[in-house]
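Please walk me through this protein model. Start with the overall layout, then go to the details.

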Amino acid sequence: MSSIRYSFVVMTLFSVLLTRAYGLPKVRPIDDVQPNKTVKIHNKIRAEVGVAPLVWNKTVAAYAQNFANRQAKAGVCDYSSMRHSGGPYGENIAAGWVQPEDQMSGPIAANYWYTEKRNYDYATNKCKGECGHYTQMVANQSFSIGCGSFRCHDNELIYIVCDYYPMPVGDANTRPY
């Protein structure tokens with residue numbers, strides 16, 4: 001009995017040491033963002049309402065990634081602590097847990113924000129519930145996008161930050177399209 005317990009303890013310690021030595025797989029933010037697919041989905045959604053396509057903007061992407069890095073360094077890993085950057089761009093943020101399939105990514109975030117379309121009433125230019133992420137995506141004042149990401153909780157929670165340039169007007173008198 002004691003040799004079984006000893007073996008269990010040794011294996012557990014060995015597993016912990018290997019995990020610390022090799023860590024979880026390194027994930028580059030760009031792998032979560034998937035720029036080409038993210039832009040493609042945005043442009044499909046924008047085309048539905050007759051808005052010109054977006055292009056990927058490296059400067060805006062660097063801004064989004066720098067903000068994401070600051071959030072990660074500050075340990076902002078719960079939804080209630082997440083705040084927008086307050087920077088010079090329009091901004092959408094989404095978060096989701098790592099899944100075997102369809103884990104949070106730029107394309108998944110874009111499709112998630114698109115679900116808010118049903119809450120936007122073009123005739124009144126008002127939201128019936130949450131629709132600001134959707135109107136941000138289709139705002140005809142923006143012509144480029146850049147995104148970044150960060151992970152929390154041992155690589156298991158992914159935040160996607162997408163910024164839009166120039167920042168849309170977004171007031172009660174200006175429709176997004």
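The protein has 6 helices and 6 strands. Helices (H or I, at least four residues) and strands (E, at least two) are DSSP runs, numbered from the N terminus. Along the sequence they follow the pattern α-α-α-β-α-β-α-β-β-α-β-β. This is a predicted model: local features need pLDDT of at least 70, side-chain atom pairs count only at pLDDT 80 or more, and totals for chains, interfaces and linings use all residues. Residues are numbered from 1 along each chain as its sequence is written, and side-chain values use heavy atoms, with hydrogens and water left out.

Of the 177 residues in the protein, 41% are buried. Buried means under 20% relative accessible area, exposed means over 50%, and partly exposed lies in between (1.4 Å probe, protein chains only). Contact means heavy atoms within 4.5 Å. Among contacts with a separation of 6 or more, 71% are between residues 24 or more positions apart.

Now take a pair of helices. Helix α3 (residues 35-48) packs with helix α5 (residues 106-114) at an angle of about 20°. Their axes are 7 Å apart. Axes are lines fitted to C-alpha atoms, for helices over the stretch in contact, and angles run from 0 to 180 degrees between N-to-C directions. The two helices are therefore roughly parallel to each other, a label for angles under 35 degrees. The crossing of α3 and α5 is right-handed: the near helix is turned clockwise from the far one by less than a right angle.

Which residues in α3 and α5 meet? From α3 come K37, T38, I41, H42, I45 and E48. From α5 come G106, P107, A110, N111, W113 and Y114. By class, this contact has 6 nonpolar, 4 polar and 2 charged residues. Here Ala, Val, Leu, Ile, Met, Phe, Trp, Tyr, Cys and Pro count as nonpolar, Asp, Glu, Lys and Arg as charged, and the others, Gly among them, as polar.

Next, the strands. V161 is in strand β6 (residues 157-165). V161 is buried, with a relative accessible area of 0%. Leaving aside neighbours within four places in sequence, V161 contacts A64, F67, A68, E91, N92, I93, G146, C147 and G148. V161 and F67 are 94 residues apart in sequence, yet 8.3 Å apart in space, C-alpha to C-alpha.

S149 is in strand β5 (residues 144-152). S149 is buried too, at 2% relative accessible area. Its side chain makes a polar contact of 3.5 Å with the side chain of D32. A polar contact is a pair of N or O atoms within 3.5 Å; within protein, one must be able to donate a hydrogen and the other to accept it, and residues adjacent in sequence count only if both atoms are side-chain atoms.

D32 turns up again in the contacts of S105. S105 lies in the loop between β2 (90-97) and α5. S105 is buried, at 5% relative accessibility. Beyond neighbours within four places in sequence, S105 contacts D32, Q34 and I160.

Q34 sits in the loop between α2 (29-33) and α3. Q34 is partly exposed, at 27%. Its phi is near 50°, a positive value in a residue other than glycine. N125 also has a positive phi, near 55°. N125 is in the loop between β3 (120-121) and β4 (126-127), and is buried at 14%.

Finally, a cis peptide bond joins Y165 and P166, with omega about -15°. P166 is in the segment after β6.

Conventions
Angles under 35 degrees count as roughly parallel, over 145 as roughly antiparallel, 65 to 115 as roughly perpendicular and the rest as oblique.
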